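I opened this model to look up a few points of its fold. My entries are below the structure.

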Amino acid sequence: MHIKLLKRGDSPRVLGMDDDHVRRLAEVDAELPPILVHRETMRVIDGMHRLGAAILNGRQMIDVRFFEGSDEAAFLAAVRANTTHGLPLSLQDRRVAALRIIESHPSMSDRAIAEVAGLSAKTISNLRRCSTADSPQLNGRVGKDGRRRPLNAEEGRLRAARVIAANPDASLRKIAQDAAVSVGTAHAVRQRIRRGEDPMAPRTIPQRPAGDPAPAPPPESAARRGPERRRDDQRTDALLRLQSLQRDPSLRLSEAGRHLLRWMHSHVMAKDMRPDLLDAVPSHLAPIVADMALQCAEIWIDFAHDVRERLRDQAEERQWNG
């Protein structure tokens with residue numbers, strides 16, 4: 001396509017194009033990938049640096065791929081593309097882009113936006129609370145799978161109870177579909193209704209019988225220990241847990257399991273290497289390294305949430321099948 005037909009895109013980069021990156025691309029001998037262009041507006045969605053390099057080399061034509069969709073969808077595509085290849089978006093770029101996506105796509109789930117913007121779901125949740133503090137919240141979110149789920153679990157259970165009251169013989173899948181809840185939630189609500197229980201109280205914490213003595217406190221309260229002692233205890237506990245995981249055949253005998261063990265081992269052992277690693281960080285790279293460390297921490301937190309969420313889903317499924 002002729003370069004003169006193209007227009008500057010709506011870039012998610014706060015500081016605009018990086019001239020040094022344009023010059024580096026201009027020196028590349030190999031053919032660069034086609035740029036992504038919004039067909040309706042002829043604006044560049046992804047590839048402004050490649051376009052700049054082509055102009056710098058005096059070219060008049062450039063290979064393009066066309067994108068069909070709205071301006072909002074084009075911006076989503078731009079953010080997604082710039083977080084997966086090429087010159088990465090800075091943390092500030094990704095946060096600003098996420099705020100814009102929250103505003104233009106308020107029904108998208110935190111995880112769906114996080115995947116597009118290259119942030120954690122927890123960060124998106126915090127940004128959403130800040131950006132919508134003065135606005136009414138929606139009743140649901142559209143996840144990465146395209147399904148809409150309620151934000152408030154109690155509201156979902158209430159809807160399920162109403163669907164069951166209107167059609168007691170409806171199948172679980174029909175109840176789940178009409179109430180916009182999971183099949184497991186529909187099953188749990190129907191079971192509670194059949195037992196004459198409140199459908200709004202799915203789980204209760206077991207209460208200790210009045211006659212039972214309170215559990216004895218640990219011999220030494222962690223709050224009274226020094227920070228060094230607590231860190232030593234945490235490391236010892238982590239090592240013991242890791243050794244236990246390494247002996248488990250379900251992890252050792254699968255490629256994914258061995259990868260997980262190596263991943264966890266590197267992070268556990270890194271605690272001993274922390275002083276050396278800190279000394280290895282030059283001052284001019286400190287902001288980037290700190291940013292990446294925070295991103296790694298967010299990845300681990302998200303992973304922990306995913307593991308626990310899967311455990312809850314499996315428990316609900318067992319209850320339903322049982």
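**Entry 1. Whole protein**

I noted first that this is a predicted model. I counted the secondary structure and got 13 helices and 5 strands. Next I looked up burial: of the 322 residues in the protein, 30% are buried. I then took the contacts between residues at least 6 apart in sequence, and found that 62% of them join residues at least 24 apart.

**Entry 2. The sheet**

I traced an open sheet of 3 strands and wrote down its order as β2-β1-β3, with mixed pairing. β2 and β3 are the edge strands and have a single partner strand each, so one side of each lacks a neighbour in the sheet. From one strand to the next, I have an average twist of 40 degrees. I also checked what packs on the sheet, and found helix α3, residues 71–84, touching β1, β2 and β3. The direction of α3 makes about 40 degrees with that of β2.

**Entry 3. Pairing of β1**

I went through the partners of β1 one at a time. With β3 (residues 64–67), β1 pairs in the parallel sense over 4 bridges. Here I picked out Leu36, whose bridge partner in β3 is Arg65. With β2 (residues 43–46), β1 runs antiparallel, and 3 bridges join the two. On that side I found Val37 opposite Val44 of β2.

I looked at the hairpin of β1 and β2 as well, and there are 4 residues between the strands. Met42 has a positive phi in this hairpin, near 65 degrees.

Which way do the side chains of β1 (residues 35–38) point? I have Ile35 and Val37 on one side and Leu36 and His38 on the other, and all are buried.

**Entry 4. α4 against α5**

I turned to the packing of helix α4 (residues 91–104) on helix α5 (residues 110–117). The angle is about 140 degrees and the axes are 10 Å apart. Angles over 145 degrees would count as roughly antiparallel, so I recorded α4 and α5 as oblique to each other. The crossing of α4 past α5 is right-handed.

I listed the residues that make the contact: Arg94, Ala98, Ile101 and Ile102 from α4, and Ile113, Val116 and Ala117 from α5. Sorted by type, the residues of this contact come to 6 nonpolar, no polar and 1 charged.

**Entry 5. Val183**

I ended on Val183, which lies in helix α9, residues 183–194.

What does Val183 touch, leaving aside its neighbours within four places in sequence? I found Leu172, Arg173, Ala176 and Trp320 in contact with Val183. Trp320 is 137 residues away from Val183 along the chain, and I noted a separation of 8.5 Å between their C-alpha atoms.

Definitions and conventions. Residues numbered from 1 in each chain as written. Predicted model: local features only at pLDDT ≥ 70, side-chain atom pairs only at ≥ 80, totals over all residues. Heavy atoms only, no water. Axes fitted to C-alpha atoms, helices over the stretch in contact; angles between N-to-C directions. Parallel < 35°, antiparallel > 145°, perpendicular 65-115°, else oblique. Left-handed = near helix turned anticlockwise from the far one by under 90°. Contact = heavy atoms within 4.5 Å. Nonpolar A, V, L, I, M, F, W, Y, C, P; charged D, E, K, R; others polar. Buried < 20%, exposed > 50% of the residue type's maximum accessible area, 1.4 Å probe, protein only. Pairing = 2+ DSSP bridges.
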